[in-house]
2 protein chains.
Amino acid sequence: MNYPNTPSLPSIVLIGAGNLAVNLAKALYRNGYHIEQVYSRTREAARALSQCVAAEYTNSLASLTSHADLYITALTDRALPHLLPDIVAGREQALFVHTAGSIDLNIWQGYAVRYGVFYPMQTFSKQRETDFREIPLFIESNSPEDCALLHTVASHLSRKVYTASSEQRRSLHLAAVFACNFSNCMYALAADILHEHDLPFEVMLPLIDETARKVHQLPPQQAQTGPAIRGDEAVMASHLDLLKAHPDLQELYQAISRQIKPSVKV
Amino acid sequence: MNYPNTPSLPSIVLIGAGNLAVNLAKALYRNGYHIEQVYSRTREAARALSQCVAAEYTNSLASLTSHADLYITALTDRALPHLLPDIVAGREQALFVHTAGSIDLNIWQGYAVRYGVFYPMQTFSKQRETDFREIPLFIESNSPEDCALLHTVASHLSRKVYTASSEQRRSLHLAAVFACNFSNCMYALAADILHEHDLPFEVMLPLIDETARKVHQLPPQQAQTGPAIRGDEAVMASHLDLLKAHPDLQELYQAISRQIKPSVKV
């Protein structure tokens, strides 16, 4: 690894204290970066995170320091446009990046001079620390110099750093919603079904693990198994019958089965 | 491990040569079981599998041996009821088990005297060998003695052996379809989206792995992340716009988002 704690490392302000902000701040801190300040709308969240990374904290954008080199926002996609003018104002020489999959680079245009995107494509929870070394980081900036700088910061955290346009990033984020958020929703629906029949969710874990491991080796289209791909209508009918108290799940079962095999009769 | 190759191990006939049959036959063979014969409708499939496990093979039920102790069917749920009478006829002293999640124990009733179920809850592909030690095996039989025998065989293959009623097994299978088959479908849809934008599926693997790992530690309901659970309608609207060439995927995106958070406006 290569992360000497030299004065050349940019000092950082983290704006946000949600799942992503917490994991990113800790990863930066562990890699020798000085987190000057943490901002969150909630004083408690700001304080909690600041204590983990030896930073100052504030819950007022008016108290945001103007001395940092790099301002990283990790806010909801709704909050960012509202807060952005106040984040930039009076700090026009700094570099500003957001961390959102779906937000265009140009959201900064007209406000900041130097700006970019620093998108870690991963699912973060506060309760679980994530190994940043394996997280794909997608970088974009309005200048080649800042793109190089962000690439350097990203490479200190992860082995998988890519440059990606805003358009590519939007597709990546949509794909990630399917591969991660929607898969997890399928786990949750499985957990509900098991719970309804007094069965523990743990029995599902070897299957979940193998399903994830398989697509390292086979494209997911080839890895597909189950009644839909086999066209096993008797099994699907018995599953729909089991779901008869949940018409929304019946519809979902049918819709996903048709994605697996468009010709399937379910 | 505990699997002495003694004469007391039942000799086995495998009926079927699909993904499950191949993986199960190999696991039994590796654990010292004598596979007497393999049957498949397709001569080629029967021969290929028989060579892996030093067995005879046939593609005619009329040529099925009558000398084995245990007959394991690994057929599609559609095929089993049709073939079952011919599988049992003339072998009434043997033990017959099927391997299907959704089929009742009693499908054997009126045909066989000794019968049961031997259900490995896993996703199998011929191209990938599976570590049976971690696969939950669910056992059922019409007699306590045969239940014990099946438990012994199962314990030679796996550390996770459970007794489960037909009703429980049906729910397990339905839950497995969500957790495995439908998750894999989500991976495939992500792969399609990435492919459409010339991005490699590999970038998705760390996210897929972490999504699976997370539910070892948190219940999936708590592990849920993404725009739907945050109620981030701007992101969801931009995703629906990206999917505008695929109305079926737009509908699916909306339906799953509503499962994640019923109150979400998408």
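Biologist: How far apart do the C-alpha centres of domain 1 of chain A and domain 2 of chain A lie?

Modeller: The C-alpha centres of these two domains are 35 Å apart, with domain 1 of chain A covering 12-164 and domain 2 of chain A covering 171-260, bounds that come from an automatic or database domain assignment. This is a predicted model, in which local features need pLDDT of at least 70, side-chain atom pairs count only at pLDDT 80 or more, and totals for chains, interfaces and linings use all residues. Residues are numbered from 1 along each chain as its sequence is written, and chains are lettered from A and ligands numbered from 1 in the order in which they are written.

Biologist: What makes up the contact of domain 1 with domain 2 of chain A?

Modeller: Six residues of domain 1 of chain A are in contact with four residues of domain 2 of chain A, where contact requires C-beta atoms, placed from the backbone, to lie within 7 Å. On the domain 1 side there are three nonpolar, three polar and no charged residues; here Ala, Val, Leu, Ile, Met, Phe, Trp, Tyr, Cys and Pro count as nonpolar, Asp, Glu, Lys and Arg as charged, and the others, Gly among them, as polar.

Biologist: Why are β3 and β8 of chain A said to stand at the edges?

Modeller: The open sheet of eight strands in chain A runs in the order β3-β2-β1-β4-β5-β6-β7-β8, with mixed pairing. Both β3 (56-58) and β8 (161-163) of chain A have a single partner strand, so one side of each is left without a neighbour in the sheet. Strands (E, at least two residues) and helices (H or I, at least four) are DSSP runs, numbered from the N terminus.

Biologist: How do you know that β7 and β8 of chain A pair?

Modeller: Pairing requires that DSSP find at least two bridges between two strands, and β7 (residues 137-141) of chain A and β8(A) share three bridges in the parallel sense; A:L137 stands opposite A:V161 in β8(A). Helix α4 (residues 144-157) of chain A packs on the sheet, touching β5 (95-98), β6 (114-120), β7 and β8 of chain A, and its direction makes about 165 degrees with that of β7(A).

Biologist: What makes the relation of chain A to chain B that of a two-fold axis?

Modeller: Chain A can be laid on chain B by a turn of 180 degrees and a shift of 0.0 Å along the axis, with an RMSD of 0.0 Å, and that is the relation of a two-fold axis; the superposition is by least squares on the C-alpha atoms of residues with pLDDT of at least 70 in both copies. In chain A, the C-alpha of A:S183 is nearest the axis, 2.3 Å from it. The same surface serves both copies, as 100% of the contact residues of chain A recur in chain B.

Biologist: Which element gives the most to the side of chain A that touches chain B?

Modeller: The contact takes 80 residues from chain A and 80 residues from chain B, and α5(A) gives the most to the chain A side, with 24 residues. That side divides into 45 nonpolar, 24 polar and eleven charged residues.

Biologist: Why is α6(A) called roughly antiparallel to α6(B)?

Modeller: The axes of α6(A) and helix α6 (residues 205-214) of chain B come within 9 Å and cross at roughly 170 degrees. Axes are lines fitted to C-alpha atoms, for helices over the stretch in contact, and angles run from 0 to 180 degrees between N-to-C directions. Angles under 35 degrees count as roughly parallel, over 145 as roughly antiparallel, 65 to 115 as roughly perpendicular and the rest as oblique, and α6(A) is therefore roughly antiparallel to α6(B).

Methods:
Two residues are in contact if their C-beta atoms, placed from the backbone, lie within 7 Å.
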